[in-house]
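Student: Could we go through this structure together, one question at a time?
Tutor: Gladly, let us have a look.

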Amino acid sequence: MARKMLIDGELGKPSEDDKNYDFDLFVIGAGSGGVRASRFSANYGAKVGICELPFHPISSETIGGVGGTCVIRGCVPKKILVYGASYGGELEDARKFGWELSEKVDFNWKKLLQKKTDEINRLNGIYKRLLSNAGVKLFEGEGRLAGPNEVEVTQLDGTKLSYSAKHILIATGSRAQRLNIPGEELAITSDKALSLEELPKRAVVVGGGYIAVEFASIWRGMGSTVDLVFRKELPLRGFDDEMRAVVARNLEGRGINLHPRTNLSKLMKTEHGIMAVTDHGEELMADVVLFATGRAPNSKRLNLEAAGVELDNTGAIKVDEYSRTNMPSVWAVGDVTNRMNLTPVALMEGTCFANTVFKGQPSKPDYNNVPYAVFSIPPLSVVGLSEEQALEQANGDILIFTSTFNPMKNTISGRQEKTVMKLVVDAETDKVLGASMCGPDAPEIMQGIAVALKCGATKAQFDSTVGLHPTAAEEFVTMRSLTRRVAGQGKPKTNL
Ligand code: FAD
């Protein structure tokens, strides 16, 4: 295939200079964004090299693995554990559907863990094959910038390789942060939580974000006692307040002990386990304490500042709308830029990079209507604007439609857990600005709703869509009565 290079926004033939580089593109980090960008660039004819740290499920500054966080210690292993944990509730419900199950149902954590490890090993192999099939040259080792067009890779045995590249893409992701409190070394982060030898009987989860909520649900679903400690009044800051309250209610309904407006003061090792002391003086006993208290961009060891690449005050690499840094030959995508830290977004940014630089199609990632899911049990999923965001951005009034109902399955199982749906509509244009759902299958349903929002669907179009019966999803097209109209100048609710 002919080599195409886009130089400063123009598609042109490789210049004489280009031929002196070892690679057209060298990528540091073979996670979601890096693999996507390198494969697509190679498919457009670029000569591509990529480096990645050696594989292990638990990451460190010198440990990683092809596939990155999503595959090895994020979305995939987490979802496998969510599936595993969901059977707990399903088995309870099954009895009401006529299943005769003996009183004691055992759960074998080690068996599930082995299956999870087998799966991430398989995916690691698939990602390596994806790279080699695309003709991308993979190097195992730690990459750093040695100049605007120079990358240095330190291999496992300490030997250093040095390569020049016309373009360098940094896609090194992010890593979990630890709280700076006495006894913090007794706590684990999500990497370890996905690879524990034993299922903790008692877990304290610290944090109010989606990762905290998901691990609380996983362990509770497997029968553990779980305390969820978070700073705000409700978990999941940034999501629609009304839906956050629904999630909190469901977590409590499933038996998770919520500790809102609470910080951890210290951790202590005792003969009965780890004691987690809160700033309210509570003493929570645990076998495992999980810090799910945020992630920081992996930018420290890349020699970026020395090379002149600008970072923001969180350590994220500053980029323009095309993912280009202040140095024209250096680009960055994914979590290391801390824009919207999700796998499909890192993929989108990687695709846009390849299109811009090697396909001759300057492309900006579009962050509108990106759907999100929180794989709590039951899950929450959203797309578009929350009520609070809509009010902030609105010129006129906002219409809110909500539906709270007992899913058909619960009428038989007797489970006291409502499904809640919400649509946020622009009163003037009738355009649906946002949708949320908390209930079984919410993420599966929301992907379809995201297509509708991307197409600019109006509430009238939702209403004229024929329902698919009998499903929970059909409720999205039958929400005819207005729940409330909120004045455009009405202030978004609170700082919950
Ligand atoms: P990564 O996938 O992290 O890849 C970066 C790679 O760079 C890593 O493999 C790392 O080892 C490597 N690297 C770092 N430094 C160097 C170096 N110096 N040299 C060579 N290689 C290096 N997102 C979702 O969309 N849905 C979910 O359900 C979801 N669940 C998650 C659950 C958890 C527990 C976590 C932690 C994350 C989850 N995410 C989820 C977020 C998602 O995993 C990330 O947004 C995504 O992986 C970011 O991709 P990336 O390419 O930026 O970084």
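Student: How far is a nitrogen atom of the ligand from a polar backbone atom of G143?
Tutor: Before the number, some ground rules: this is a predicted model, where local features need pLDDT of at least 70, side-chain atom pairs count only at pLDDT 80 or more, and totals for chains, interfaces and linings use all residues. Residues are numbered from 1 along each chain as its sequence is written, and side-chain values use heavy atoms, with hydrogens and water left out. A polar contact here is a pair of N or O atoms within 3.5 Å. For the ligand nitrogen and G143, the distance is 2.9 Å.

Student: How much of the ligand does the protein bury?
Tutor: Accessible areas come from the Shrake-Rupley method with a 1.4 Å probe. Taken alone, the ligand exposes 1000 Å². Of that area, the protein buries 95%.

Student: Which helix gives the most to the shell around the ligand?
Tutor: The shell holds 36 residues (a heavy atom within 4 Å of the ligand). Helices are DSSP runs of H or I with at least four residues, numbered from the N terminus. With four residues, the top contributor is α2.

Student: What kind of aromatic pair do F353 and F358 form?
Tutor: Rings of Phe, Tyr and Trp (its six-membered ring) pair if their centres lie within 6.5 Å; planes under 30 degrees apart count as stacked, over 60 as edge-to-face and the rest as tilted. The whole structure has ten such pairs. In this one, the centres are 6.3 Å apart with 75° between the planes, so by that definition the pair is edge-to-face.

How values were computed: A polar contact is a pair of N or O atoms within 3.5 Å; within protein, one must be able to donate a hydrogen and the other to accept it, and residues adjacent in sequence count only if both atoms are side-chain atoms. Helices (H or I, at least four residues) and strands (E, at least two) are DSSP runs, numbered from the N terminus.
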